[in-house]
Amino acid sequence: MAEVIKCATRDAYGKTLVELGDKGANIIVLDADLAAATKTGMFKKAHPERFVDVGIAESNLMGVAAGLAATGHTVFASSFAMFAAGRAFEQIRNSIGYPHLNVKIGATHAGISVGEDGASHQCCEDIALMRTIPGMVILNPADDIEARACVLAAAEHDGPVYMRFGRLAVPRVFDEDYTFEIGKGNILIEGSDVTIIASGLMVNEAIMAAEKLKSEGISARVVNMATIKPIDRDIIIDSAKKTGAIVTAEEHSVIGGLGSAVSEVICETIPVPVVKVGVNDVFGKSGPAVELLHIYGLDADNIADKVKQAISLK
Amino acid sequence: MDNNKKKELQLFATKARIGVIEGVFNAKAGHPGGSLSICDVLAYLYNEEMNIDPKNPGLESRDRFVLSKGHAAPALYATLALKGFFPVEDLKTLRKSDSYLQGHPNMNKTPGVDMSTGSLGQGISAAVGMALGAKFDNADYRVYTILGDGEIEEGEVWEAAMFAGNRKLDNLVAFVDYNNLQIDGTIDEVNSAYPIADKFKAFNWNVVEIDGHNLDEIESALNNAKSVKDMPTCIVMKTVKGKGVSYMENSCGWHGKAPNEEEYNQAMAELNAQLKELEA
């Protein structure tokens with residue numbers, strides 16, 4: 001078996017911005033003194049004339065992005081998820097979301113897998129915050145292939161987009177010919193007893209969980225849900241009908257993220273058990289990323305356990 | 001400025017004040033004080049300074065205006081209506097549920113509004129982004145914004161000011177409506193932002209201090225702004241909150257309150273008298 005390629009989604013973000021710049025796309029990339037970490041630094045190097053660093057000022061970052069968008073530019077604005085969605089929430093809400101401006105927020109270092117920096121930088125609330133903004137599209141890619149596809153789709157989309165990327169290098173899930181469409185989930189593994197709906201780095205864990213469960217005689221469907229908003233209602237309802245139980249898996253708080261979005265659809269359409277794997281309403285802590293993922297139950301083993309719980313609730 | 005032109009602008013500003021009172025009275029809500037204080041500068045901007053076309057509000061080459069102190073929307077709406085962006089009669093629909101005149105400016109609903117504002121401190125960032133956008137496109141349009149003096153207590157204002165100064169955005173002019181009143185009291189009582197001019201100077205802005213009701217001073221400050229290269233300009237304009245309506249002048253109480261019928265009648269009588277005097 002070929003060695004699994006590992007790449008952080010933030011790297012794919014930086015590379016795809018360069019690709020867009022190389023193609024002559026009319027984009028402007030902004031950062032707030034984190035260009036090396038968010039990987040917009042790649043774009044800065046390749047297309048310095050289209051790059052602006054606003055300094056350590058995330059509120060102004062979003063406002064300047066809004067102003068640039070109001071004068072007809074497609075803007076990518078980057079910081080860590082904590083400071084983009086967190087600190088600048090109200091700027092995103094009022095200056096970008098409300099006027100529906102063409103700003104693409106590239107938020108990196110999302111979730112527990114930030115690792116050693118600890119809780120102050122581990123943003124597990126960003127999807128919850130962004131979901132409440134009308135018209136906001138939220139994308140949380142699983143690997144570098146999907147991250148590239150998300151950036152290209154965001155550039156084409158008319159309106160605000162929040163893209164969530166990770167710091168940690170994660171295994172590649174998709175083939176090079178993978179096609180992505182905003183608002184569409186996709187079935188990675190077919191199954192009949194339960195559906196695991198996952199996003200971000202939890203997609204690979206969901207695949208591993210399904211393989212483990214198969215050996216125990218449990219058939220799990222795995223759905224990749226890279227678009228958290230607008231959520232793909234059809235694939236959720238179809239999964240509920242065909243498998244009768246759902247487990248969601250995300251590197252985010254169990255409050256307000258993918259698990260909540262799926263639950264909202266299920267409650268109103270075809271009530272079946274939904275069990276959530278995510279960060280259980282606690283702050284993170286410092287430590288190596290992979291170790292932390294296990295500590296917080298963001299792994300295949302916990303997904304497999306929750307699958308059994310969901311099936312027992314049927 | 002010759003006297004005829006001055007009189008025309010004064011007439012325009014007085015009509016705008018009437019529009020403010022009509023709107024706020026009919027809405028039974030709104031912000032008359034800080035709207036009345038900026039009618040003169042808006043009259044100059046929209047009649048003399050800015051390149052705009054009411055028949056083509058989206059004209060790419062137009063100058064942009066961002067009302068960072070978005071609660072003064074009634075003054076902006078009155079100005080836009082008098083310029084022909086939409087009917088003056090519609091000012092009475094301010095804040096109604098079926099109106100395109102929202103409590104705070106909405107760029108997607110109201111012709112002539114270049115940016116949605118209302119949350120203090122955010123408009124100046126957007127104005128800075130627009131000025132940067134012009135630089136990116138090598139376009140020669142200019143960007144104007146008005147901040148409240150209470151508004152500059154917001155930290156984002158200084159993030160934006162630092163960035164604009166550093167980027168040498170000489171196509172940007174920010175007015176500070178210096179009327180010394182905010183909701184909870186006078187500026188120096190609540191959280192002194194003084195000295196305003198020195199702060200902007202320290203952020204590498206060209207700063208001019210004027211009387212915000214003196215059209216000659218507004219004109220010369222804006223001409224000065226155009227002549228200064230490599231620096232944004234801040235025009236700190238001393239104003240009277242509630243200007244033009246005697247009982248509203250210099251009163252915190254009229255920041256965000258609508259006049260009752262009696263007060264409305266008095267305000268209209270005073271403003272119509274000013275109009276008559278100017279027309280004489």
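Predicted model: local features only at pLDDT ≥ 70, side-chain atom pairs only at ≥ 80, totals over all residues.
H1(A) covers residues 9-22, 14 residues in total. From first C-alpha to last, H1(A) reaches 20 Å, close to the 20 Å expected at 1.5 Å a residue. An α-helix has 3.6 residues a turn, so residues three or four places apart point the same way. Step past the end of the helix to A:Gly24. This glycine follows H1(A) and has a positive phi, near 85°.

Next, color chain B by secondary structure. Look for 10 helices and seven strands. Chain B has a radius of gyration of 17 Å, close to the 19 Å that the globule rule gives for 280 residues, so chain B is as compact as a globular protein of that length. Of the 280 residues in chain B, 53% count as buried. Among contacts in chain B with a separation of 6 or more, 76% join residues 24 or more positions apart.

Finally, go to where the chains meet. Which chain B helix gives the largest share of the side that touches chain A? First select both sides: 22 residues from chain B and 23 residues from chain A. On chain B, H5 (122-136) and H6 (155-166) each supply at least two residues of that side. The largest share, 11 residues, comes from H5(B). Color this side of chain B by class: 11 residues are nonpolar, eight polar and three charged.

Conventions
Residues numbered from 1 in each chain as written. Chains lettered and ligands numbered in written order. Helix = DSSP H or I, 4+ residues; strand = E, 2+ residues; numbered from the N terminus. Rg over C-alpha atoms; globule rule 2.2 N^0.38 Å. Buried ≥ 20, exposed ≤ 12 C-beta atoms within 10 Å, placed from the backbone. Contact = placed C-beta atoms within 7 Å. Expected span 1.5 Å × (residues − 1). Nonpolar A, V, L, I, M, F, W, Y, C, P; charged D, E, K, R; others polar.
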